[in-house]
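Biologist: I'm new to this one. Can you walk me through a few spots?

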Amino acid sequence: MLAPAKRVGSILVVLVCLLAAPVCWAASGVIYSDDLNGSGPLEGSAPDVRPGVETWLAAPVFSADGVVATDRVSGTTYRAWLPFTPDPGQVYVLSLDVDPQTSGANNAGEWFALGFSNSNAVTGDPEFWDSGIAWILHRITRDSADNDEIQTFVGPGMSQSANYPSKESGPVKLTVILDTTESRWTVEWLRNGESIRGPVTYATNPTISQVGFAKIWGAGGTVDNFELKLSDLTAPLASLPRPADKADDVPIDTLLSWRPGVDAVSHDVYLGPVLDDVSNASRANPLDVLASAAQDANTYDPAGSLDYGQTYYWRVDEVDATGAIVTGSVWSFTVEPRSLPILGVTATASNSEVDRGPENTVNRSGLTEQDEHSTAAGDMWQTQLGAAEPVWIQYAFDQIYKLHELKVWNYNGDLEYLVGFGLKDVTIEYSTDGATWTTLGDFTFAQGTSSSDYLANTTVDFGDAVARYVRLTVNSSWGTSSRYGLSEVRFLYIPTFPREPYPASGATDVNPDVVLTWRAGRDAALHDVYLGADEATVETGAALIDAVADNRYPLSGLDLGATYYWKITEVNEAGPVVAWEGPTWNFTTAGAYVVDDFERYNDNETAGLVIWQTWADGFGTTDNGAQVGHSQPPYAEEDIVHRGDQSMPFYYNNSGTFLRSEAVRTFDTPQDWTRSGIETLVLHFQGRADNTTGQLYVKVNDARVVYSGSASDLTKEFWVPWAVDLASVGTDLTNVRSLTIGVENGGSGLLLFDDVGLYRVAPQSAQAEAWIEAEDAYTIDEPMQVYTDREDASGGAYIATIGDNSSGDPPDEGVASFPIALAGGTYRIIGRVIAPTGNDDSFWVRLQGATTNTVNHASGWIRWGLDIGNDWHEVPVRSMDDDDATVLFDVEPGVYNLQIAYREDGALLDNWIVTQQLE
């Protein structure tokens, strides 16, 4: 195969805004807006605001009225898109209100999402955010206190998640801000107007061609108020306020900031709790809200402390060089509450009526979302008639807290105004250990109202008492029947512990150079930072690395693919409690640094984003036969990819005057390939059956490393991983300036390259003549997945698909892949399996590139029939299309791809062996 003819001169790609998609944008303001208040399907409908004639491309589960159906195909993501390509030098604000209403069987696991993409598919697998583009995902776990979960994605190695308490109902506004004003773009995520992550800077700017939203699997509910708009950087107004407009739970020591108007040389800042004052104030009439006049900085640190729970309004007027003032918009934010409810509370009592136990006073039974209590006696605590004195109810917390207040809903039965079961005179004590008690005082609780809109009507001030236990001893009730009752209590505490960690605990794919941040405890003067790879040393306090004054700590040089544990202890030597120790959090760093995943390239030569503008090839030379990219757009390969949406075509032709075929990527800034424990460079390549082979190699700077596998691997039509041990590369790895891919010593054809990365521990390809653990698949996609619920599985894990069948033809998804290096010859494959019944006793199997001795399915896959059995047992791969004959695989030396796909649900695979023992 000779390299095809290619570029002649310079091909100019012209994007016409109104005639072609992706759409380019020149106008400011709203680009797309849709209140999702239409009728019929969303597909084909027009948004309320659009630049041209664009219509929604959407899966059928989305309706134009914003209703999202619960329909699902296992493992499928459903999407709705509009065409969009960002221009450099702009700030884009994307937002959507989401309200997932249907959760899974465990009240969890279903997601709505919003973001940018470079794929216009309306259905697909759940990894649609894996191509390096900004997404924000939201789900609700109805049975959890921290039940509003957010995940943010900016591509491989950059995902984070966090939970937020008490999101009981109603929509959540998701926002993604994409800033293309600098050479390296940034992205920031907001929840209900509050910044929750970012700005994060892209290592490589992504290719974006669509914008939209998605639902994953069985999620149902509603979406509303979709909008994509420009933050006009040419406007004279201040913009992009931080905190974001209408943000809540803003820290009391927040710093105000904004993007200056284009002509601003100074700024007047107005701040106050009254909207009219902030709206109407001026230099001539400041109304006591002109906080700072003619300041240079576009930040403002409010003097003194803001008030807890208070909503503030603020405005920034921009002053130009002539002294002219441009009046700004009025923004608002609400400061964090003084105290928070304790969630982990256990109640016990001296006496209880059946089914009316003390737990009813802390489990929200009978409370509405508006905190109104019912009149149903079964929702309250009630003692038996004539209960032994003294009557008491006691509360234990999950840890010691600094208590602020106790709110009380007294007994609220229908006839409470007559029977008076509610507590009246009460002695309150508290303790840190449950043994030594301190009396807070004697208090009178207001009587319940016997109405269904009853709100808490007693508040007890704990005066910052430190306690883990609280006991209420009843001295009298509001009646004379010797029966007592209570509806609900809520303890509020001063947050002295560190909270809201970033990265969120359990986060994966974290940048090794992450900056740790957290919401500081109220009394903290210093923050002790503990970090280590061993959880026990962190928990016991043996991993102290620093004490800092600010609630942030930058890290660098963490190992790739490693799990780290960390905690913060808030310290104040002058406080009643010197140290408030936080929980131990953890995160796992990304497994690799991406050198090039080939996702950023498009066909825009003017913008310098064509793949051959980064990977310089032999075009125009007489000795280099390489051509990078296809001859016509799309230049990158979009159909055959290892991961993501694109791979790099590499045509090689070593004939005539062409001595070699090389493509070189030169890095703008030299890279350090020793950081974070990097040891291995990994490339993935795929060839064509009609390629003629030569010698594949790479060069790091000028140090050359040849591919040590079989030359026939260049003809394999599946992805072959190539791991290069960097210790063997004779160059300065702290100063890597270029990477070259080449083929020499003859040959011509087409290779595809994808996912070039740097690893500490490279993904392992399976080796023949050894057991291969099924859970160690190089790639696995849903609905095939790893399970860990059987202790008798080798390694404690196995793979299977539960609830899905593909008996007619091999599925496109639900495949596990195992690259295997084989010495050549004839092989037999044996699996350790469980097949409980005749309805779940088969898999699809194939060894790509091998020939077999059997007749197989027309697709080339083998229908592998299993022996039935509820215990693990070994079964060789057999062909159901050839009377269950054992399949023998013939191969030349090289790398092959062993794949298994689901056929009948319930069949389990623990591990398998590829062996030349044929009996």
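Modeller: Let's start with Asp464. Asp464 counts as partly exposed, because its relative accessibility is 28%. Keep in mind that this is a predicted model.

Biologist: What is the phi of Asp464?

Modeller: Positive, about 65 degrees, although Asp464 is not a glycine.

Biologist: Where does Asp464 sit?

Modeller: In the loop between β31 (458-461) and β32 (466-477).

Biologist: And Arg364, what about its phi?

Modeller: Phi of Arg364 is near 65 degrees. That is a positive value in a residue other than glycine. Arg364 lies in the loop between β26 (345-349) and β27.

Biologist: New topic. Which peptide bond at Pro390 is cis?

Modeller: The one from Glu389 to Pro390, with omega near -5 degrees. Pro390 is in the loop between β27 (381-382) and β28 (391-410).

Biologist: And what about the bond from Pro633 to Pro634?

Modeller: That peptide bond is cis, with omega near -5 degrees. Pro634 is placed in the loop between β45 (627-628) and β46 (648-653).

Biologist: On to strands. How many residues of β40 are buried?

Modeller: 8 of the 9 residues in β40 (residues 563-571) are buried, so the strand is largely enclosed by the rest of the structure.

Biologist: Which strands pair with β40?

Modeller: Strand β37 (residues 526-532) pairs with β40 over 7 bridges, antiparallel. Strand β42 (residues 585-589) is joined to β40 by 4 bridges, also antiparallel. Strand β41 (residues 579-581) pairs with β40 over 3 bridges, in the antiparallel sense.

Biologist: Which residues face each other there?

Modeller: His527 has Glu570 in β40 as its bridge partner. Tyr564 stands opposite Phe587 in β42. Val571 stands opposite Ala579 in β41.

Biologist: Where do side chains point in a regular strand?

Modeller: They alternate between the two faces of the sheet.

Biologist: Now the sheet with β34. What is its strand order?

Modeller: β34-β36-β39, an open sheet of 3 strands with antiparallel pairing. The edge strands are β34 (499-502) and β39 (552-554), and each pairs on one side only. Neighbouring strands in this sheet are turned by 10 degrees against each other on average, direction ignored.

Biologist: How many bridges link β34 and β36?

Modeller: 2 bridges, with β36 spanning residues 515-519. Tyr502 stands opposite Thr517 in β36.

Conventions
Residues are numbered from 1 along each chain as its sequence is written. This is a predicted model: local features need pLDDT of at least 70, side-chain atom pairs count only at pLDDT 80 or more; totals for chains, interfaces and linings use all residues. Side-chain values use heavy atoms; hydrogens and water are left out. Buried means under 20% relative accessible area, exposed over 50%, partly exposed in between (1.4 Å probe, protein chains only). Two strands pair if DSSP finds at least two bridges between them. Axes are lines fitted to C-alpha atoms, for helices over the stretch in contact, and angles run from 0 to 180 degrees between N-to-C directions.
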